[in-house]
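Subject: Structure handover

Hello,

Please find the structure below. My notes on what was found in it follow.

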2 protein chains.
Amino acid sequence: MIVELADIEAAAERISQVAIRTPLLRSPDLDEMLGGQVLLKPECLQLTGSFKIRGAYNLMSQLSDAEAASGVVAWSSGNHAQGVAAAGGLLGIKTAIVMPQDAPQAKIQNTQRLGGETILYDRYTGDREVIARELAAERHSALVPSYDHIDIIAGQGTVGLEIMQQSAEMGLVPDQVLISCGGGGLSSGSAVAIKSLSSDAIIHTVEPVEFDDTIRSLTSGQRQTNPPEARSICDALLSPSPGKLPFEIMLELMGEGLAVTDDEVRDAMRFGFANLKLVIEPGGAAALAALLAGKVETRNRVTVVVISGGNVDARMFAEIQRAQYSG
Amino acid sequence: MIVELADIEAAAERISQVAIRTPLLRSPDLDEMLGGQVLLKPECLQLTGSFKIRGAYNLMSQLSDAEAASGVVAWSSGNHAQGVAAAGGLLGIKTAIVMPQDAPQAKIQNTQRLGGETILYDRYTGDREVIARELAAERHSALVPSYDHIDIIAGQGTVGLEIMQQSAEMGLVPDQVLISCGGGGLSSGSAVAIKSLSSDAIIHTVEPVEFDDTIRSLTSGQRQTNPPEARSICDALLSPSPGKLPFEIMLELMGEGLAVTDDEVRDAMRFGFANLKLVIEPGGAAALAALLAGKVETRNRVTVVVISGGNVDARMFAEIQRAQYSG
């Protein structure tokens with residue numbers, strides 16, 4: 001495998017002084033509702049509000065002094081941007097991030113607050129990768145890809161490693177793990193850690209229905225893309241196809257891919273507010289949405305759900321919650 | 001002392017299979033802002049959305065079979081109501097709770113959903129204690145007070161015990177602990193645990209400015225009450241005076257009492273949403289508000305902040321967040 005458990009353990013060591021070891025939360029409410037044991041890994045509580053600092057710091061902390069001195073360039077819908085900017089701040093590396101102009105304001109502002117230079121583009125007409133590569137060439141900067149790099153995959157995989165460690169501390173072994181999936185860095189890295197430590201666990205990727213490239217790719221065995229007219233409120237999960245390296249891993253390790261509608265995601269965000277007291281962004285709620293919508297059998301099983309991020313604008317959050325009180 | 005560390009350890013054992021051992025969260029953002037080490041104890045993530053299940057279960061699990069068979073009666077602004085109802089559900093004890101009619105809808109509805117019978121009264125004209133005592137006499141039911149009982153104090157004190165255990169696991173010793181205060185069950189019980197394990201730690205109660213009965217009581221050495229015209233958005237912290245038993249403990253163990261304005265509380269709730277990704281109710285945000293408003297020196301100190309609850313209606317939450325995006 002291109003990423004091994006040892007790579008993830010090394011990443012865990014690198015990020016240990018920086019990233020938060022987010023808790024693995026029990027939810028007796030969910031246990032009762034679903035007739036099984038549910039554990040939640042809330043990466044919304046992570047530094048920068050999503051898991052992305054894990055991979056960004058793992059990659060950037062391994063740059064040579066010369067590379068670090070030239071700064072880095074990244075492209076991101078928002079969470080990777082904040083992870084890269086925060087890692088840059090911690091490591092003293094200048095960061096420039098190409099972001100879609102319709103990214104949540106909170107994500108753009110936080111990236112800037114963390115010291116990142118932001119370059120905005122049109123998500124539906126521009127090509128962020130081309131813009132970022134040109135900028136990197138101009139500045140002789142290293143690129144920090146958002147998922148297609150083994151150090152990124154290993155860093156995000158520390159989520160899966162912690163899930164296995166923390167469930168073991170509770171005397172539990174996960175039967176299934178639900179993980180939101182954009183380019184597949186988080187899900188592939190976590191799958192390596194989880195399947196290395198418990199080969200019977202089944203990992204389900206969760207995507208928005210209109211961005212089900214991973215489901216189709218896993219079925220066909222070839223990386224598939226999403227149609228240009230696809231839309232979803234899950235701004236963190238809109239990547240065009242599974243990453244090349246993540247997909248190599250996914251083909252070997254993943255169970256059935258799942259898809260959720262935007263309405264199922266909204267329901268999950270409302271459940272997060274009312275029952276879990278967590279602020280969850282749309283993309284971060286995808287795996288919880290799949291759980292609540294009954295996409296997997298939970299009875300008498302230990303199900304782990306990764307809540308991958310919480311960076312949502314107050315206005316959108318309020319609009320989604322409003323359906324609770326004004327119909 | 002009327003409650004000792006051993007009582008709290010026994011309570012911790014009783015509730016261990018039921019309550020969530022909420023994490024003690026680091027917040028690198030807060031550390032940097034405040035120049036010290038900040039640890040957050042988010043009891044909004046607790047079963048029923050506040051710490052109250054701890055005390056309620058500790059008391060109710062010790063009732064005799066005869067007492068349990070007659071059901072219990074409680075009065076509560078909402079969080080204790082849910083704790084009592086949930087404990088009743090877990091222990092098979094019928095529960096009736098006297099609640100103010102202007103309590104947050106979420107608190108009333110959740111109490112009912114958890115199986116509690118709710119009896120509503122007018123907070124500013126009725127006397128909830130009289131109503132509850134009459135009902136209890138009629139039904140031969142035991143009362144479950146919200147703070148004035150040693151089993152309640154010991155149960156809530158498990159928050160303080162966990163703070164000491166979890167900070168020790170991180171290699172830290174709290175210099176100061178900020179705890180929201182209504183009747184004083186949480187703060188007095190936690191103070192017993194904390195001061196028993198680290199006598200140098202300073203415990204600060206935090207109250208709404210118009211409900212500063214604890215500050216005045218600690219200063220005068222006598223329990224003081226709040227004027228009837230006092231108002232605050234912190235619905236969980238509107239008790240008329242410190243409880244008799246909590247105050248005995250508080251007089252011996254508490255540092256200076258702190259007070260926060262409703263606007264400081266709103267700011268803390270916005271910080272919780274944007275930076276911590278936690279849903280915090282007004283009363284639950286009081287200690288965080290004191291921290292953010294600079295009411296204590298944090299530089300080079302280890303400061304623990306208890307976030308005591310997260311049961312807030314979606315409408316109010318949205319209105320408070322709105323100030324962020326529409327001025």
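Buried here means under 20% relative accessible area, exposed over 50%, and partly exposed in between (1.4 Å probe, protein chains only). This is a predicted model, in which local features need pLDDT of at least 70, side-chain atom pairs count only at pLDDT 80 or more, and totals for chains, interfaces and linings use all residues. Residues are numbered from 1 along each chain as its sequence is written, chains are lettered from A and ligands numbered from 1 in the order in which they are written, and side-chain values use heavy atoms, with hydrogens and water left out.

In chain B, Lys107(B) and Asp235(B) form one, at 2.5 Å from N to O. Lys107(B) is in helix α6 (residues 105–113) and Asp235(B) in the loop between α11 (213–220) and α12 (244–253), so the pair ties together parts 128 residues apart in sequence; helices are DSSP runs of H or I, at least four residues, and strands are runs of E, at least two, numbered from the N terminus. Lys107(B) is buried at 0% relative accessibility, and Asp235(B) is buried at 9%.

In chain A, Arg54(A) pairs with Glu162(A), with the closest N and O atoms 2.9 Å apart.

No disulfides (cysteine sulfur atoms within 2.5 Å) were found over all chains. For Cys44(A), the closest cysteine sulfur, in Cys44(B), is 11 Å away, too far for a bond.

Regards

Methods. Salt bridge = Lys/Arg side-chain N within 4 Å of Asp/Glu carboxyl O.
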